[in-house]
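Subject: Structure for your files

Hello,

Here is the structure you were expecting. My notes on it follow below.

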Amino acid sequence: MQSKKEPLEADTVLIVEDDALISMDAAESVARAGVNVMTVETVADALDVLDHERISAAILDFHVRDGAVTPVVERLRRSGVPFRIVSGSPLSEIAAKGIPVDLCAQKPADYLKVLISLIGERPWVSLRASHS
């Protein structure tokens with residue numbers, strides 16, 4: 001046993017979305033599932049979060065204020081962090097960047113369903129089988 005009591009690590013989902021209303025909707029939907037949510041509007045901010053925070057999964061718009069999220073996708077892949085793309089961009093454009101279309105959803109999307117599609121890809125701390 002540890003001498004200090006530390007809180008159980010909570011899962012955190014990073015949402016990268018530059019439309020404020022969509023970001024709020026996505027964050028609210030994901031938070032209702034019992035995980036922490038961090039939202040950012042740019043690729044630069046997302047990369048900064050990945051440098052400094054432990055992320056369980058990510059939901060990304062494909063095009064945000066400072067460009068396509070491909071650098072974020074590359075970092076997530078290297079780190080083994082599952083992700084999904086939710087975008088209004090054509091799936092062919094996303095696939096051309098090496099992102100499989102089965103990891104993509106078109107806007108408007110049900111962000112809870114997007115989160116559910118991520119759950120099987122990692123051992124979630126806060127979303128245990130007993131919650132099913």
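Two strands count as paired if DSSP finds at least two bridges between them. Strands here are DSSP runs of E with at least two residues, helices are runs of H or I with at least four, and both are numbered from the N terminus. By that rule strand 1 and strand 2 pair: they run parallel and are joined by 5 bridges. One of the residues involved is Ile-15, whose bridge partner in strand 2 is Thr-39.

Before the rest, some notes on the source. This is a predicted model, in which local features need pLDDT of at least 70 and side-chain atom pairs count only at pLDDT 80 or more, while totals for chains, interfaces and linings use all residues. Residues are numbered from 1 along each chain as its sequence is written, and side-chain values use heavy atoms, with hydrogens and water left out.

Overall layout

The protein has 5 helices and 7 strands. From the N terminus their order is β-α-β-α-β-β-β-α-β-α-β-α. Of the 132 residues, 40% are buried; buried means under 20% relative accessible area, exposed over 50%, and partly exposed in between, with a 1.4 Å probe and protein chains only. The protein exposes about 7,500 Å², and carbon and sulfur atoms supply 53% of that area (Shrake-Rupley method, 1.4 Å probe; for residues, only the protein chains shown count as cover). Among contacts with a separation of 6 or more, 63% are between residues 24 or more positions apart, where contact means heavy atoms within 4.5 Å.

Strand 1

Strand 1 covers residues 12-16. It is largely enclosed by the rest of the structure, because 5 of its 5 residues are buried. In a regular strand, side chains alternate between the two faces of the sheet. Here Thr-12, Leu-14 and Val-16 point one way, and Val-13 and Ile-15 point the other way. Thr-12 has a relative accessible area of 10%. Beyond its neighbours within four places in sequence, Thr-12 is in contact with Asn-36, Met-38, Arg-54, Ile-55, Ser-56 and Ala-57.

Ser-23 sits in helix 1 and is buried, at 9% relative accessible area. Outside the four places either side of it in sequence, Ser-23 is in contact with Glu-17 and Thr-39. Ala-33 lies in the loop between helix 1 (20-31) and strand 2 (36-40) and is partly exposed, at 24%. The C-alpha atom of Ala-33 is 7.5 Å from that of Leu-112, although the two are 79 residues apart along the chain.

Cores

A nonpolar core is a set of buried Ala, Val, Leu, Ile, Met, Phe, Trp, Tyr and Cys residues joined through side-chain atoms within 4.5 Å. The largest has 24 residues, and those touching the most other members are Leu-14, Leu-60, Val-69, Val-72, Phe-83 and Ile-85. Strand 1, helix 2 (43-52), strand 3, helix 3 (70-79) and strand 6 each give two or more residues to this core. Helix 2 gives the most, with 5 residues. Leaving aside neighbours within four places, Leu-60 is in contact with residues including Val-16, Val-69, Val-72, Phe-83 and Ile-85. A second, separate core of 13 residues includes Ala-26, Val-35, Val-86 and Leu-115.

Helix 3

The buried residues of helix 3 are Thr-70, Val-72, Val-73 and Leu-76. They cover an arc of only 155° around the axis, which puts them on the same side of helix 3; the arc is that of the directions from the helix axis to the C-beta atoms. These residues pack against helix 2, strand 3, strand 5 (67-68) and strand 6. Gly-80 follows helix 3 and has a positive phi, near 75°.

Pro-108 is in the loop between strand 7 and helix 5, and the peptide bond from Lys-107 to Pro-108 is cis, with omega near -5°. At the start of helix 5, a side-chain oxygen of Asp-110 comes within 3.0 Å of the backbone nitrogen of Leu-112. In helix 5 (residues 111-119), Tyr-111, Val-114, Leu-115 and Leu-118 are buried. They fall within an arc of 100° seen down the axis, so they line one face of helix 5. The face turned away from that buried side carries the exposed residues Lys-113 and Ile-116. The buried residues of helix 5 pack against strand 1, helix 1, strand 3 (57-60), strand 6 (83-87) and strand 7 (104-106).

Regards

Notes
Polar contact = N/O pair within 3.5 Å; in protein donor to acceptor, adjacent residues only side chain to side chain.
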